[in-house]
Amino acid sequence: MTVSLANMSQQNVMSPWVFLQCDGNTLTAPRAFHTAVGWDGKMWVWGGMVENVEEANRFSIFNFKENTWSVLTYTQTNTTPPPLHGHTAVVHDNLLYIFGGITDIGLPSNTLYQYSFELNEWAAFNSNLSPPARAHHCMELSSHLGGFIVYGGEGTNGTILSDLWLFHLSNHEWVPVTQLVRQNIEEKPHGLPSPRRSASLICNEDRAYLYGGTDGKTTFGGNCHILHFTNYHQTGCMEWEAHLSDSFPPAERWGHTLNKFGLRMYLFGGKDGSGGKYVVLNDWHRFSFKYQIWVRLSPSGHVPRPRWGHSTCIIDKHLLVFGGMSDKGTLNDMYQITLGNSTSILATLSEKRLIGNRPLTSERMLSVEPFNDDEPPRMRERKRLAEDTEGCFSIAHHLKSTRFFSNEVSPGDQRYSFVKE
């Protein structure tokens, strides 16, 4: 297959952002710092900062196939959670688990609640040993560990935390985890991540990836921390590694979201305070677990407005963005984009995405081999592209015999330039 770089701008294989006009959306109050999970092909929204506290203590359910919202209430008992915001949620075996958050009286919680989708009933776990109360923490399910881990957050009296806990699903017990620094890393800086809140964490196989967050003064990002728990069952310890990517990572931020889909994780939005004043973001990035690279994605369509404290949820292969805070207030809008929509040739290499501040002058013809979605295309002339098949790419290797690619970046753009030298 032969592709002309000068004519590739006509190809568009990346799905656009779509603004969802939903029936029954008036039932869904604007909110931020809520949770949204996927179950039975629907998005279940719970809690959050809302004007009417009653709105936070029931489920708002979005049916993706029917494009409709509905509300589900339940009987209030002593095992029902109070209205919360800044809490976290995971789903396992038709059960929803909610932990932490700020209660309706303004105090952080350390109660773990369980909700049965099938029975529409809540239960509360009372343990002799449990994490300190907190909000705006990270919580993520790990099949490797047989439970979910909780990291960091903001505790009582505004204390910023960096502790790590594991909840075992087999016996419903909390265990504090000893955190170590991963050793024998070749020429790489390493250390424990700083205490933080409003970060995001994703588990993949025998490790977890932590990105962003803030301690109230410093906004973190630029590189992620990797938590290794390969040997946890033997040692009871987990090890941190500071990961420095060879690609261009997202800017520092907090209040963003991370989602895993296949061999990649997706980051959207958040708030950046690294430059001395806050900037609300709506950029979208993807990280390859296999190749350990970041790529900034630039889909077309109705791009969501900048926000933080929002939720993202994947239904089938569709990523849904809902609610959050903007510079103009709390939101209840929703957007959708389809993931993994690629073809067997290089994704769009339009001039706008490729060249930054230099014109594309080459008419050179390149031969491209077909590839699958998990492997970058192999370029003849002994070069490889770490290709993200949804519209953007980064250069992974150089030509052996000729200089054709440059990794110069135009101001404000986190993508590679494409020049003829």
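Me: What counts as a salt bridge here, and how many are there?
Reply: A salt bridge is a side-chain nitrogen of Lys or Arg within 4 Å of a carboxyl oxygen of Asp or Glu, and by this rule the count comes to nine. This is a predicted model, in which local features need pLDDT of at least 70 and side-chain atom pairs count only at pLDDT 80 or more, while totals for chains, interfaces and linings use all residues. Residues are numbered from 1 along each chain as its sequence is written, and side-chain values use heavy atoms, with hydrogens and water left out.

Me: Which side chain does Arg134 meet in a salt bridge?
Reply: Arg134 meets Asp163, at 2.6 Å from N to O. Arg134 lies in the loop between strand 10 (121-125) and strand 11 (138-142), and Asp163 lies in strand 13 (residues 160-168), so the pair ties together parts that are 29 residues apart in sequence. Strands here are DSSP runs of E with at least two residues, numbered from the N terminus.

Me: Is that Arg134 buried or exposed?
Reply: Arg134 is buried, with a relative accessible area of 0%; buried means under 20% relative accessible area, exposed means over 50%, and partly exposed is in between, using a 1.4 Å probe and protein chains only.

Me: And what about Asp333, which partner does that one have?
Reply: The side chain of Asp333 meets that of Arg305 in a salt bridge, at 3.9 Å from N to O. Asp333 is in strand 26 (residues 329-338) and Arg305 is in the loop between strand 23 (293-297) and strand 24 (311-315), so this pair ties together parts that are 28 residues apart in sequence. Asp333 counts as buried at 9% relative accessibility, whereas Arg305 is partly exposed at 40%, and a network of salt bridges links Arg305, Arg307 and Asp333.

Me: Switching to Asp272, how far away is the nearest side chain of opposite charge?
Reply: That side chain is Arg253, 6.6 Å away, and Asp272 is buried yet has no salt bridge; for charges, Lys and Arg count as positive and Asp and Glu as negative, while His and the chain ends are not counted.

Me: Where does Asp272 sit, and what is it in contact with?
Reply: Asp272 is in strand 21 (residues 264-272). Leaving aside neighbours within four places in sequence, the residues in contact with Asp272 (heavy atoms within 4.5 Å) include Arg253, Glu252, Lys277 and Tyr278.

Me: Which rings does the charged end of Lys271 sit over?
Reply: The charged end of Lys271 sits over the ring of Tyr278, 4.9 Å from its centre, and over the ring of Trp308, 3.8 Å from its centre. The rule asks for NZ of Lys or CZ of Arg within 6 Å of the ring centre and within 35 degrees of the ring normal.

Me: OK, aromatics now: how many pairs?
Reply: The count comes to 36 aromatic pairs, where rings of Phe, Tyr and Trp (its six-membered ring) pair if their centres lie within 6.5 Å, with planes under 30 degrees apart counting as stacked, over 60 as edge-to-face and the rest as tilted. Phe62 and Phe64 have ring centres 6.4 Å apart and planes at 75°, so that pair is edge-to-face, while Phe62 and Trp69 have centres 5.4 Å apart and planes at 50°, so that one is tilted.

Me: How many disulfides?
Reply: Zero disulfides, the rule being a pair of cysteine sulfur atoms within 2.5 Å; Cys138 is buried at 5% relative accessible area.

Terms used
Helix = DSSP H or I, 4+ residues; strand = E, 2+ residues; numbered from the N terminus.
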